[in-house]
Amino acid sequence: MIGVIGGTGLTEPVFLQNVRILSMSTPWAQTPVEVTTGTVGSHPVAFIARHGRGHKVPPHRVNYRANLWALRQAGVSEVIGVNAVGGIHARTAPGALAVPNQIIDYSWGREHTFFADGLDAVTHVDFTHPYDEGLRQLLLRSAGDVEVWDGGVYACTQGPRLESAAEVRRLQRDGCDMIGMTGMPEAALARELDLPYACLALSVNWAAGLTDEVISMEAIGRVLQSGMATALSVLERAIVRHGATG
Ligand code: HPA
């Protein structure tokens, strides 16, 4: 079963039928995580709103460990993260979709590993290729008529503020193509749990300083609304295709 972690613009599992809400206790949070199960066609899916019900938890406060743990406990075998990003590369103009193939993590102070306490042995997971190639290809093959960029480096910043123009120029020099606040530690934690993970990124603005315009939540909201509908069409096709091919 595919697990979906929905971010900004995908806070409700609007793409699911036969919805059931599970309350999953995990060792990583005092309060249970709400996991919604349902189906796309005949294919089961489990969904988590990354920022919680009502979109109230900011990126640096998301309990990434509890979210991933709850999804695994619900029985998912792979996870697709849907993330809103700011675009740096020409292929990540507002409204564009990408399936990045690399990450640079600029976030800090987040609970970013399951391998910290009570270990039998120190553990280092391989993270050379942060995203699962099979799951990336599933998303790309499910694009249909939608243009989806195969590649790009996702920069994960701390947030919740947006970046300064100089920070964006530095990210650009580092080779980053898009900026979000939630790609990490999510991808690394999925790897630690051995859950194949891929990201479907929707650009909702040009990154700071790349245009003369001030980045406004209103403008982001407008792009999110139409862009997320397109992202969902890709996601739904991926779920069906995954179900059909096992
Ligand atoms: N920067 C960081 N995260 C984001 C942005 C951005 O410009 N847009 C959407 N998420």
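A pocket, as the word is used here, is an open set of points on a 1 Å grid over the protein atoms alone, with protein on both sides within 12 Å along at least five of seven lines, and its lining residues have an atom within 4 Å of a point. Grid points are joined across faces, edges and corners, and a volume is the space filled by probe spheres set on the points. The model is predicted, so local features need pLDDT of at least 70 and side-chain atom pairs count only at pLDDT 80 or more, whereas totals for chains, interfaces and linings use all residues. Residues are numbered from 1 along each chain as its sequence is written, and side-chain values use heavy atoms, with hydrogens and water left out.

The largest pocket holds about 520 Å³ of space. It is lined by 27 residues, of which Thr 8, Pro 59, Pro 160, Leu 162 and Met 181 are the closest to its centre. Two or more lining residues come from each of β5, β10 (178-180), β11 (197-206) and α5 (217-245); helices (H or I, at least four residues) and strands (E, at least two) are DSSP runs, numbered from the N terminus. Strand β5 gives the most, with four residues. By residue type, the lining of the largest pocket comprises 14 nonpolar, ten polar and three charged residues. In this division Ala, Val, Leu, Ile, Met, Phe, Trp, Tyr, Cys and Pro count as nonpolar, Asp, Glu, Lys and Arg as charged, and the others, Gly among them, as polar.

For the second largest pocket, the volume is about 450 Å³. Val 33, Glu 34, Ala 49, Gly 52 and Arg 53 are the closest to its centre among 26 lining residues. The elements giving two or more residues to this lining are β2 (17-24), β3 (33-40), β4 (43-49) and α1 (64-73). Twelve nonpolar, nine polar and five charged residues make up the lining of the second largest pocket.

Pro 160, already met at the largest pocket, sits in the loop between β9 (153-156) and α3 (165-173). Another cis bond joins Met 184 and Pro 185, with omega about 5 degrees; Pro 185 belongs to the loop between β10 and α4 (186-192).

Is Thr 92 buried or exposed? Thr 92 counts as buried because its relative accessible area is 2%, the classes being buried under 20%, exposed over 50% and partly exposed in between (1.4 Å probe, protein chains only). Thr 92 lies in the loop between β5 (78-87) and β6 (97-99). Its side chain reaches the backbone oxygen of His 89 at 2.7 Å. Beyond neighbours within four places in sequence, Thr 92 is in contact (heavy atoms within 4.5 Å) with Gly 87, Trp 149, Asp 177, Met 178, Ser 203 and Trp 206.

Asn 18 is found in strand β2 and is exposed at 61% relative accessibility. Asp 194, in the loop between α4 and β11, is exposed too, with 67% relative accessible area.

Across the protein there are five helices and eleven strands, and buried residues make up 51% of the 246 residues.

Technical notes:
A polar contact is a pair of N or O atoms within 3.5 Å; within protein, one must be able to donate a hydrogen and the other to accept it, and residues adjacent in sequence count only if both atoms are side-chain atoms. On a 1 Å grid over the protein atoms alone, a cavity is a set of points where a 1.4 Å probe fits but cannot get out, and a pocket is an open set with protein on both sides within 12 Å along at least five of seven lines; lining residues have an atom within 4 Å of a point.
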